[in-house]
Amino acid sequence: MTARIRPDLATIPAYVPGRTHPDAVKLASNETTFGPLPSAAKAIAAAAEQANRYPDNQVTELRAALAEFLGVSVANVAVGCGSVALCQELVQITCDATTDEVVFAWRSFEAYPIVTQVGNATSVPVPLTADHRHDLDAMADAITERTKLIFVCNPNNPTGTAHPRAELERFLDRVPPHVLVVLDEAYFEYLRLPETDGIEIGRTRPNVVVLRTFSKAYGLAGLRVGYAVGDPEVITALLKVHIPFSVNRVAQAAAIASLEAHGELLDRTDVLITQRARVRDALLAAGYEVPPSEANFVWLPLGARSLEFAEASAAAGVLVRPFAGDGVRVTIGDPHENERFLAFATAPETTLRFR
Ligand SMILES: *Cc1c(COP(=O)(O)O)cnc(C)c1O
């Protein structure tokens, strides 16, 4: 006899790891192509020497560094084992009944429906608009007395689209103050819309919490550090449900060193944004629809042909990320990697099949 597992978990698809291939270019996971900076690598090595000691469960030093960097108080900052852990913890602090509802756009970050279900709450997905953006009016209309949490992914993974501050504020004005709104800004460092900064928006709105991460522009995806900025009451609750010691010593040290070098890391985003424009322009010229992106990837809304496109791209040595029935997300990599993808995508035999 095997142990009895929660039957509802059967509806969560078992994790399927992304394909890898030693010779393929990997443009599938929105990672940074650079390894850690020398200063971060040194901090990583030094922290590893102390692996016999537990990490600081309060993440004191990193929270203080983030508070100073962001111009907020330490009481406004929580750190998690990647911001995806914070997504789950946000469901845990707001939802305590299966009838509690979590509203998010769809398609958006794949973790939202999973963390909602794991947290025993109910997902309320709201379709994107025809131009691949959040339908903020429909999301506000979807709020009921059962709504506990709303995820707004800005810029949106996987479509890359973003809302400027005025549109976000108009939406937030329609959300009752007892409903917590998460502005997931995993790609904030690639966003170039003026004055669109969730932390500024949240300063006057205690029901807004902002998520950011060291996984994308800061290049530490393998070490798992993300953070939340919000009202001290929300932060205190997050610390209560935090899995003890889940932000490890090496991750804390690397994040502090990377934050100290933020200028150098953020300069790289300018290079990426030039490449983003180059890739999008080339795809548009080849006849594809490509929504404007404010993230480190572009979206090809290929609908039913998405899986087939990704297969063909893999066969050409470039791994991209298909979302069945919706589209294909292509991470912006190094120039030579992007050229390899464009060589495949804009070749006449590809455009004949997929445009
Ligand atoms: C990548 C990503 C995250 C977070 O990743 P972590 O590695 O867990 O910090 C969060 N939200 C979105 C939308 C993402 O794309």
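## A histidine between E4 and H5

His134 is found in the loop that runs between strand E4 (122-127) and H5, and with a relative accessible area of 3% this histidine is buried. From that position, the side chain of His134 reaches the backbone nitrogen of Cys153 at 3.1 Å. The model described here is a predicted one, and the values below should be read with that in mind.

The loop between E4 and H5 also holds His132, which is buried as well, with a relative accessible area of 13%. The phi angle of His132 is near 70°, a positive value in a residue other than glycine.

## The domain in the record

In UniProt, an unreviewed entry carries the annotation "domain: Aminotransferase class I/classII large", which covers residues 23-342.

## Surroundings of the ligand

The ligand is surrounded by 13 residues, and the closest of these are Ser83, Tyr187, Thr213, Ser215 and Lys216. Sorted by class, the shell around the ligand has five nonpolar, five polar and three charged residues.

A polar side-chain atom of Ser215 lies 2.5 Å from an oxygen atom of the ligand, while an N or O atom in the side chain of Tyr187 is 2.6 Å from a ligand oxygen. In the case of Ser83 a polar backbone atom takes part, at 2.7 Å from an oxygen atom of the ligand. The protein covers 93% of the 380 Å² of accessible area that the ligand has on its own.

Lys216, one of the closest residues to the ligand, is also marked in the record: the unreviewed UniProt entry places the feature "modified residue: N6-(pyridoxal phosphate)lysine" at Lys216. In the model, Lys216 sits in the loop between E7 and strand E8 (226-229), and at 15% relative accessibility Lys216 counts as buried.

## Salt bridges around Arg174

Side chains of opposite charge can pair when their charged atoms come close. In this model the count comes to 20 salt bridges, and two of them involve Arg174, a residue that is partly exposed with a relative accessible area of 43%.

One partner is Asp137, whose side chain meets that of Arg174 in a salt bridge with an N to O distance of 3.8 Å. Asp137 lies in helix H5 (residues 136-141) and Arg174 in the loop between helix H6 (165-173) and strand E6 (180-184), so this pair ties together parts that are 37 residues apart in sequence. Asp137 counts as exposed, at 52% relative accessibility. Asp141 also forms a salt bridge with Arg174, and here the closest N and O atoms are 2.6 Å apart. Because Asp141 lies in helix H5 and Arg174 in the loop between H6 and E6, this pair ties together parts that are 33 residues apart in sequence. Asp141, at 54% relative accessibility, counts as exposed.

Asp173 and Arg205 form a salt bridge in which the closest N and O atoms are 2.9 Å apart. Since Asp173 lies in helix H6 and Arg205 in the loop between helix H7 (198-202) and strand E7 (208-213), the pair ties together parts that are 32 residues apart in sequence.

## Backbone features in the loops

A cis peptide bond joins Trp106 and Arg107, with omega at about 15°, and Arg107 is found in the loop between strand E3 (101-106) and helix H4 (111-118). The peptide bond from Asn157 to Pro158 is also cis, with omega near 15°, and Pro158 belongs to the loop between E5 and H6.

That loop between strand E5 (147-153) and H6 is the place of Thr161 too, a residue that counts as buried at 6% relative accessibility. Thr161 and Trp299 are 138 residues apart in sequence, yet their C-alpha atoms are 9.0 Å apart in space. Finally, Arg224, in the loop between E7 and E8, has a phi near 70°, a positive value in a residue other than glycine, and at 30% relative accessibility Arg224 counts as partly exposed.

How values were computed:
Residues are numbered from 1 along each chain as its sequence is written. This is a predicted model: local features need pLDDT of at least 70, side-chain atom pairs count only at pLDDT 80 or more; totals for chains, interfaces and linings use all residues. Side-chain values use heavy atoms; hydrogens and water are left out. A residue is near a molecule or strand if one of its heavy atoms lies within 4 Å of it. A polar contact is a pair of N or O atoms within 3.5 Å; within protein, one must be able to donate a hydrogen and the other to accept it, and residues adjacent in sequence count only if both atoms are side-chain atoms. Accessible areas come from the Shrake-Rupley method with a 1.4 Å probe; for residues, only the protein chains shown count as cover. Ala, Val, Leu, Ile, Met, Phe, Trp, Tyr, Cys and Pro count as nonpolar, Asp, Glu, Lys and Arg as charged, and the others, Gly among them, as polar. A salt bridge is a side-chain nitrogen of Lys or Arg within 4 Å of a carboxyl oxygen of Asp or Glu. Helices (H or I, at least four residues) and strands (E, at least two) are DSSP runs, numbered from the N terminus. Buried means under 20% relative accessible area, exposed over 50%, partly exposed in between (1.4 Å probe, protein chains only). UniProt positions are given in the numbering used here, feature names are shortened, and annotations may be inferred rather than shown by experiment.
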